[in-house]
Number of protein chains: 2
Amino acid sequence: MNQINRVAIVGGTHGNEFIGAYLIKKFDQFPHVIQRPSFETLTLLANPKAFKEGRRYIDKDLNRCFKSQNLQDPMLSSYEETRAKAIYQLLGLQGKSQIDVIVDLHTTTANMGLSIMLGNQCPSNLRLAAYLNSINPLVKVCWTEPHQESTLLRSLCEFGFVIEVGPVPQGVLNAELFQKTEELVYTILDYLEGCNQGIIPQTHDTLTLYQYVGVIDYPRNEHGEIQAMIHQDLQYRDYEPLNPGDPIFLTFDGKAIAYEGKSTVYPVFINEAAYYEKGIAMCLTEKQQVAIS
Amino acid sequence: MNQINRVAIVGGTHGNEFIGAYLIKKFDQFPHVIQRPSFETLTLLANPKAFKEGRRYIDKDLNRCFKSQNLQDPMLSSYEETRAKAIYQLLGLQGKSQIDVIVDLHTTTANMGLSIMLGNQCPSNLRLAAYLNSINPLVKVCWTEPHQESTLLRSLCEFGFVIEVGPVPQGVLNAELFQKTEELVYTILDYLEGCNQGIIPQTHDTLTLYQYVGVIDYPRNEHGEIQAMIHQDLQYRDYEPLNPGDPIFLTFDGKAIAYEGKSTVYPVFINEAAYYEKGIAMCLTEKQQVAIS
C-alpha cells in the first residue's frame with residue numbers, strides 16, 4: 001500500500017445524523033485524539049447549515065451531489081451543490097495535497113450496529129474492512145457494485161467508505177453508539193498508522209460482504225401514499241435472513257404482506273427514516289465471501 | 001358527566017410524528033372503526049404541510065400556537081399560526097357544534113410507552129386516565145400544573161389530552177406502537193360511548209400521576225452548543241426513579257455528570273429529539289396519588 005499522508009474524517013454530511021457531527025466537534029476540540037505520527041488527519045463538518053437546522057439537508061441530499069460532472073457544473077447553485085464543490089476543493093482533490101482516505105460518519109434509524117459501507121473492492125478498503133471485522137465480528141461490511149458513477153462523498157477517494165451506525169433516531173445523540181463509533185475511528189487511525197509503519201495487521205483470509213442486490217419500496221396507492229409499514233417481525237432484523245414467504249409489511253388494516261423473492265436475502269436499512277422519501281423500505285443484500293489478498 | 005356529542009381525534013400536529021398522522025389517514029379510509037352510536041367522531045390531520053415535508057413544523061411549532069390571544073390576533077400569519085386559527089374554527093370552538101373531547105396523538109423518541117398527558121385535573125380527564133391505567137398498567141399518566149395559559153392544541157377542550165407513544169424515531173412508522181396506539185384510541189371511544197350510555201366503567205379509587213416539576217437542559221458552552229449527551233445509564237429509563245448523585249449526562253470526553261437535585265424524581269422525555277432546540281434534555285416529574293371521584 002502507498003504511504004498515507006492525509007486522512008479526512010467527515011461528519012454531518014446529513015445534518016440530522018448527530019453522532020458524526022458531534023464527533024467532528026469533539027475532534028476539533030481535542031485534536032490530539034485523532035493525530036497520528038505519520039499522517040495528517042483533517043476533520044470536516046460537511047453540511048453545517050443543515051446541522052444547525054437539525055435537518056438532513058437544506059435543498060437536496062448532499063450525499064447525492066458528488067458526481068464529477070456536477071462538481072464541474074457552474075450552473076448548479078443549490079446550497080448542497082455549492083457545498084459539494086467546496087468540499088471537493090477543501091479536500092484538495094484538484095490540487096497536490098490530495099486526501100488519501102475518507103471516513104464518512106453516518107447514522108441510521110435501522111438496526112445496523114456498526115456497518116462499513118463500501119463502494120468498491122479496492123484492496124485497501126477490503127483489507128481494512130476485514131481487519132475491523134476480525135477484531136469485532138459485530139462490524140458488518142456492505143458493498144454496492146458500481147453500475148454508474150457514484151454520487152456519494154466517500155467516492156471522492158478510492159480508499160473511502162461510509163460508517164453507518166444504528167439504530168438511532170434522527171436529531172438524537174446516543175451515548176453508547178457515540179462511544180462505539182469513536183472507538184472505531186481510533187481503530188481505523190491506528191490501523192492506517194500501522195500500515196505506514198509497515199506493520200500489516202493480521203486478518204482472516206476471507207471477509208463476508210453483504211452485496212446490494214436491490215431495494216423494496218413500501219406498498220403505495222395511486223397518490224404515492226404509503227399503505228403499509230414494516231412488519232413487526234422484520235423490524236430491527238437487519239442482516240438476518242429473509243426467506244420467501246416471510247412477512248415484510250403490515251397494512252394499516254392489519255394484513256401481513258409476504259416477501260415474494262425467490263431466494264434468501266439479508267435486508268439492511270430496514271425502516272430508515274430518510275428513505276421514505278426515496279421510495280426505499282429496505283435494501284436487500286446477498287452474502288458473499290471474498291478473499292483478502 | 002355531560003353528554004358527549006363530538007370527539008376530535010387529531011394526528012400530525014407535528015408533521016414528523018408519523019403514527020398519529022397515518023392513524024388519521026387510516027380512520028379516514030375506514031371511518032366505521034371510529035364511529036360510535038351516541039356521538040360523532042371527527043378526524044384532523046393538524047399540520048398537513050409539515051407532514052408532507054416530513055418535518056415537525058414549517059415556520060414554528062404548531063403545538064405552541066393555541067393561546068387564545070394568539071388565535072384572535074389577525075397579525076399572526078406564519079403557516080402554523082394561520083393553521084392554529086383554522087383548527088380553532090374547524091373544531092367549531094366559536095360556534096354551536098363545539099367539540100367535547102380532543103385526543104391529540106403524538107410520538108416521542110423517548111421510551112415513554114403509552115403516556116396520557118394531561119393539562120388539567122378535570123374529573124373527566126382523571127376518570128378516563130384512571131380507567132386506561134386500570135385496564136393496562138403500562139399506561140402512564142403525566143400532569144402539568146397550569147402556571148399560565150396553555151399554548152397546546154389539547155387545551156382547546158377542558159376534556160382534552162395528548163397521547164405520547166415511544167420510543168419511535170421521527171419520520172418512522174413502528175407497526176407495534178401503531179397498533180398499540182390504535183387499540184388505545186378504540187378503548188377511549190368505547191369508554192366515551194359507555195359514559196353516554198350511563199355505564200360508568202369500574203376503575204381504581206386512586207391514580208398515580210407524574211407531575212411536572214421542571215426540566216433539565218444539556219450542558220452547553222458559551223455559544224449554546226451541547227457539551228454532553230444523555231448518559232447511557234439513563235437512556236430509555238423514562239418513569240424510573242432518578243436519585244441525587246445518579247449519572248444523567250456524559251460529556252464528549254467521557255466524564256459522567258450527576259443529578260444534583262435534592263430528592264428522587266421520575267424523568268420523562270429523556271432524549272426527545274424535538275427538545276434539543278427547546279433546551280430540554282429531559283422533563284422531571286414527581287409521583288403523586290390522586291383520588292378518583
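Me: Which strands form the open sheet β8-β9-β10 of chain B, and is the pairing parallel or antiparallel?

Reply: Strands of a sheet pair through backbone hydrogen bonds, either parallel or antiparallel. In this predicted model, 3 strands of chain B form an open sheet in the order β8-β9-β10, and the pairing is antiparallel. Strands are DSSP runs of E with at least two residues, helices are runs of H or I with at least four residues, and both are numbered from the N terminus. Two strands pair if DSSP finds at least two bridges between them. The edge strands β8 and β10 (256-258) of chain B each pair on one side only. On average, neighbouring strands of this sheet are turned by 35° against each other, direction ignored; the axes are lines fitted to C-alpha atoms, for helices over the stretch in contact, and angles run from 0 to 180 degrees between N-to-C directions.

Me: Over how many bridges do β9 and β10 of chain B pair?

Reply: Strand β9 (residues 247-251) and β10(B) pair in the antiparallel sense over 3 bridges. Pro247(B) stands opposite Ala258(B) in β10(B).

Me: Is Tyr212(B) buried, partly exposed or exposed?

Reply: A residue is buried if 20 or more other C-beta atoms lie within 10 Å of its own, exposed if 12 or fewer, and partly exposed in between, with C-beta atoms placed from the backbone. Tyr212(B) has 18 other C-beta atoms within 10 Å and is therefore partly exposed. Tyr212(B) lies in strand β7 (residues 206-216) of chain B. Not counting residues up to four places away in sequence, Tyr212(B) touches Cys142(B), Thr144(B), Glu145(B), Cys283(B) and Thr285(B); contact requires C-beta atoms, placed from the backbone, within 7 Å.

Me: How many residues does each chain give to the contact?

Reply: The contact takes 26 residues from chain B and 26 residues from chain A. On the side of chain B that touches chain A, α6(B) gives the most, with 3 residues.

Me: What share of chain A is buried?

Reply: Buried residues make up 46% of the 293 residues in chain A. The secondary structure of chain A comes to 6 helices and 12 strands.

Key:
Residues numbered from 1 in each chain as written. Chains lettered and ligands numbered in written order. Predicted model: local features only at pLDDT ≥ 70, side-chain atom pairs only at ≥ 80, totals over all residues. Contact = placed C-beta atoms within 7 Å.
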